[in-house]
Amino acid sequence: MEERGKWGTNLGFLLAAIGSAVGLGNIWRFPYVAYENGGGAFLIPYFVALFTAGIPILMLEFALGHHKEASAPKAFRHIDAKWEWLGWWAVLFVMFGIQLYYTVIIGWCVNYMCFSLTMAWGDDPDAFFSRFLGRTDPGNIWAIQGFQGSIVVAVALVWLIDWGITYGGVQKGIERAVKVMMPVLILVTVGIVVWALFLEGAGTGIRHYVTPDFGRITDLEVWIAAYGQIFFSLSLGFGIMIAYSSYLSRDANIFKNSLIVGFANSSYEVFAGFGVFSILGYMAVQQNKEVGDVVRDSLGLAFVAYPQAISLLPFGRLFGVLFFLLLAIAGISSSISIIEAFVSAIQDKFSFGRKRIVTVICAVGFTGSLLFTTNVGLFWLDIVDHFLNHYGLIVVGIVEALVVGWLYRTDRLKAHIVANLGLSGTRHKVFNYIVLQLWMYCIRFVTPVALGIAIVHSLVRELA
Ligand code: PHE
Ligand code: NA
């Protein structure tokens, strides 16, 4: 059997894990979800979800992958052969339930990056977007999106890049790529947000983003949205973080790494929200509208409202190219982590060579994602997205917490985390002790109960 991959440095691992977490979900999903669910007040359920489920499950996945040096299916098999399916479910689901459309949305971004140069959407991005998606021909479910198949070319390009990166392996492929992509991502983000903050109307937009509507806090829906966002945003429940941490060196500090990745992802999305809402505020002022009227829905935010704002901006072309470049980079650094979770699972189970696995997966994946470039795909996307956010992720989260918390016993994973805290950790001994103790309670009680309430509530509403 081929040797498993290894990160060259802990920093390389951090960049890759943050690259997986920071994705399309941070830039267009979070600001929209926050706005819809109480604005500034949403931060309360959001941070509760981060502390009671996000960081605990992240620490669990990191500790499990690192301790077992295994991908999700193998790690769960080691706990008990009965649970191997959970790992397979996670990696198959993320590959075929998410990756296939995620790469198509990245493809839209690549297309829009080019359209920004010529402002191809003209005066009416709304009509353009529906034409782009082939919706002018709603009767034909196989109608291809984009113009002259530009979307097919873009999706092929995205898969080619994904293939090129993952083919090289953990260190020579992924680590090398994220060392370039992440600094660019951060620079462009800061540039865009600062640019946006100085636009006329930015303050009005931001007021809509942060003004708390505390009345919403008692609404269970808002809490479910918060847990859903945290899971999706941190790439949890897919075996991704398990695979990534399995490539860490034996002396890595799991405790510190979990906190860094958890906080980096949330900081990024809260920060990006300021940029997104500044732009919306600018647009509302230019068009003499209310901020609420320019928000629409989450897809429309990136592909309709933004193009419109870009056409109005001074230096809009440059802004457009940078904005969609940003989305594309964020998306690609996430989508390579999905491929890696799947590759590592196959590699741990069968003795095929890594390169062959990567090539086959990318070829099959590209073919599958072509479905999402048609009208059928859009219909499917709605269904997948709904079930994903309400059930797919949360079920894996609950089962993970219960299996590890009660069957494997969290104390054993805790011992593993403590062993790697090393002597350097003594200064913060009390802090570490308290956090780890809380972590155990979360995994065994708080996380499964909180997620359980979320899912029962959704089911009840679905059936009603
Ligand atoms: N975390 C990514 C985002 O916020 C989404 C993602 C989900 C990535 C699942 C990989 C796996 O966009
Ligand atoms: Na994210």
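Author: H8 passes H15 in a left-handed crossing; a crossing is left-handed if the near helix is turned anticlockwise from the far one by less than a right angle, and right-handed if clockwise. The model is predicted, local features need pLDDT of at least 70, side-chain atom pairs count only at pLDDT 80 or more, and totals for chains, interfaces and linings use all residues. Residues are numbered from 1 along each chain as its sequence is written, chains are lettered from A and ligands numbered from 1 in the order in which they are written, and side-chain values use heavy atoms, with hydrogens and water left out.

Two packed helices are described by the angle between their axes and the distance between the axes. For helix H8 (residues 170–197) and helix H15 (residues 316–349) the angle is about 150° and the axes are 9 Å apart. Helices here are DSSP runs (H or I, at least four residues; strands are E, at least two), numbered from the N terminus. Axes are lines fitted to C-alpha atoms, for helices over the stretch in contact, and angles run from 0 to 180 degrees between N-to-C directions.

On the H8 side, the residues that meet H15 include Val170, Ile174, Met181, Leu185 and Trp195. Among their partners in H15 are Leu318, Phe323, Ile329, Ser333 and Glu340. Contact means heavy atoms within 4.5 Å. By class, the contact of H8 with H15 has 19 nonpolar, 2 polar and 1 charged residues (Ala, Val, Leu, Ile, Met, Phe, Trp, Tyr, Cys and Pro count as nonpolar, Asp, Glu, Lys and Arg as charged, and the others, Gly among them, as polar).

A second pair can be set beside this one. Helix H4 (residues 72–79) packs with helix H5 (residues 84–118) at an angle of about 165°, and their axes are 7 Å apart. H4 and H5 are therefore roughly antiparallel to each other (over 145 degrees; under 35 is roughly parallel, 65 to 115 roughly perpendicular and the rest oblique). H4 passes H5 in a right-handed crossing. Ala72, Pro73, Phe76 and Arg77 of H4 make the contact with Glu84, Leu86, Gly87, Trp88 and Val91 of H5. That contact has 6 nonpolar, 1 polar and 2 charged residues.

Helix H5 also holds Asn111. Asn111 is buried, with a relative accessible area of 6% (buried is under 20%, exposed over 50%, partly exposed in between, with a 1.4 Å probe and protein chains only). Leaving aside neighbours within four places in sequence, Asn111 is in contact with Phe132, Ser150, Ile151 and Ala154.
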